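Take a look at the protein chain shown here. Keep the view open while you read the short report below it.

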Amino acid sequence: MKQLILTLSIILCLPIFGQKQASEIKLDRQKIKYVDKVILQSIEKNEIPGAVLCIVSSEKILYKKAYGNRQVFPKVEKMTTNTIFDLASMTKPIATATSIMLLAERGQLRLTDPVSMYIPNFDKKIQIIHLLTHLSGLPPYPPVKQVKSDMNKNQDALMQYILKCKKQSKPGKEFTYSCLNYITLQKIIETVTDNNLSDFTKKNIFDNLGMKNTMFCPDTKKLRLIAPTEMQDDNSVLRGIVHDPLARELKDGISGNAGLFSNADDMAKFAMAMLNNGALNGKRILSPLSVNVLTTVPDKYSEFGRTPGWDNSSAYSSCKGDFLSKHTYSHTGYTGTSIVIDPDTGIAIILLTNRVHPYDKSSITQLRALVSNAVAGAITK
């Protein structure tokens, strides 16, 4: 009987994820130089103007460094570790999917609810889980100019387009990465909470974690710290204005698919909370069970490799490299940002760049994977 009690006590003390203790994680200071070399080579090849790298455990930042420049046009500005970046599609898991999970754990919705419960006239076969995993059949992107023109007559033209557009597949049958999925999720969040996405995420996620530089539509006081993105036709660059055309032209910068701005320190706090099963410094944003669902590929849709908000093993998962565990989840942003979280190893890799500055002409698919490989190679415990 005593042995049974002892065994049960050990089981109850185990964390949900089998990650290493943060105090055990060490980075080889010589091997980490390979990471620096990879990023500097990318700058030399003009793939990116600069970058900020942040490697974290569940307890602390293990490595943080700025490289190159945050701006090269119209004048050169050096990159700094507190630079704020347009996160682009990293908005999807960090703001939108996390908000949906919050509402689910509060009993305000189910992931298997038909979307039509919240948006009248929506396809009754499409469930919230289909939107989260990009299995709804919605096309990837709307015709922005056409929808913007239609908005002169009907402010709800974007949602009308989503309701009426031709589906590319039946729900749950094919993976199509779609910004429209997360626009629809935003509509659900705002319907259920009677708050816009910006206000809801600030109060329930960012403020709780002390993420003071994470926001939609940054205040002008933050402009000097923001990495600009693409040059426009008038030779200006976007700075503090979201790069994504859908979010910029149709959603006034507050969008479920893109629009979030943040820096390395704030992304480190979010990553640490995820590694700590939803909490940081006594503040909880999600329950451990919610984190588990949010970051695990549903058994029913295992062939597609997407969790309800994150990428695990789809064609979009190359940013995690070759050595991290099979439970690693990640997400990238079109502007050049990425976050990779390995709950088994107990480490997260945050790489922030503005590869679309001043021109949208480079790919950093390989860079992201090389950085993850070099970081993995530097882990000694």
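**The whole chain**

The model is predicted. The chain holds 12 helices and 11 strands. Its C-alpha atoms fill a box of roughly 70 × 60 × 35 Å along the principal axes. A compact globule of 381 residues would have a radius of gyration near 21 Å, and the chain agrees, with 21 Å. Buried residues make up 58% of the 381 residues. Among contacts with a separation of 6 or more, 67% join residues 24 or more positions apart.

**Two packed helices**

Two packed helices are described by the angle between their axes and the distance between the axes. Here, helix α3 (residues 91–105) packs with helix α7 (residues 179–193) at an angle of about 45 degrees, and their axes are 10 Å apart. That angle makes α3 oblique to α7. The crossing of α3 past α7 is left-handed.

Which residues of α3 meet α7? They are Lys92, Thr96, Ala97, Ser99, Ile100 and Leu103. On the α7 side, the partners include Tyr182, Leu185, Ile188, Ile189 and Val192. By class, this contact has 9 nonpolar, 4 polar and 1 charged residues.

**Lys187**

Lys187 also lies in helix α7. Is Lys187 buried, partly exposed or exposed? Lys187 is partly exposed, because its relative accessible area is 31%. Leaving out residues up to four places away in sequence, Lys187 touches Ile119 and Met159. Lys187 and Met159 are 28 residues apart along the chain, and their C-alpha atoms are separated by 8.7 Å.

Most residues other than glycine have a negative phi, and most peptide bonds are trans. The table lists some exceptions.

| Site | Backbone feature | Value |
|---|---|---|
| Phe73 and Pro74 | cis peptide bond | omega about 0 degrees |
| His357 and Pro358 | cis peptide bond | omega about -10 degrees |
| Ala88 | positive phi | about 55 degrees |
| Asp252 | positive phi | near 55 degrees |

Where do these sites lie? Pro74 is in the loop between β2 (61–71) and β3 (77–78). Pro358 is in the loop between β11 (347–353) and α12 (365–378). Ala88 sits in the loop between β4 (84–86) and α3. Asp252 is in the loop between α9 (245–250) and β6 (260–263).

Ala88 is buried, with a relative accessible area of 7%. Asp252 is exposed, with a relative accessible area of 67%.

How values were computed:
Residues numbered from 1 in each chain as written. Predicted model: local features only at pLDDT ≥ 70, side-chain atom pairs only at ≥ 80, totals over all residues. Heavy atoms only, no water. Axes fitted to C-alpha atoms, helices over the stretch in contact; angles between N-to-C directions. Helix = DSSP H or I, 4+ residues; strand = E, 2+ residues; numbered from the N terminus. Parallel < 35°, antiparallel > 145°, perpendicular 65-115°, else oblique. Left-handed = near helix turned anticlockwise from the far one by under 90°. Contact = heavy atoms within 4.5 Å. Nonpolar A, V, L, I, M, F, W, Y, C, P; charged D, E, K, R; others polar. Rg over C-alpha atoms; globule rule 2.2 N^0.38 Å. Buried < 20%, exposed > 50% of the residue type's maximum accessible area, 1.4 Å probe, protein only.
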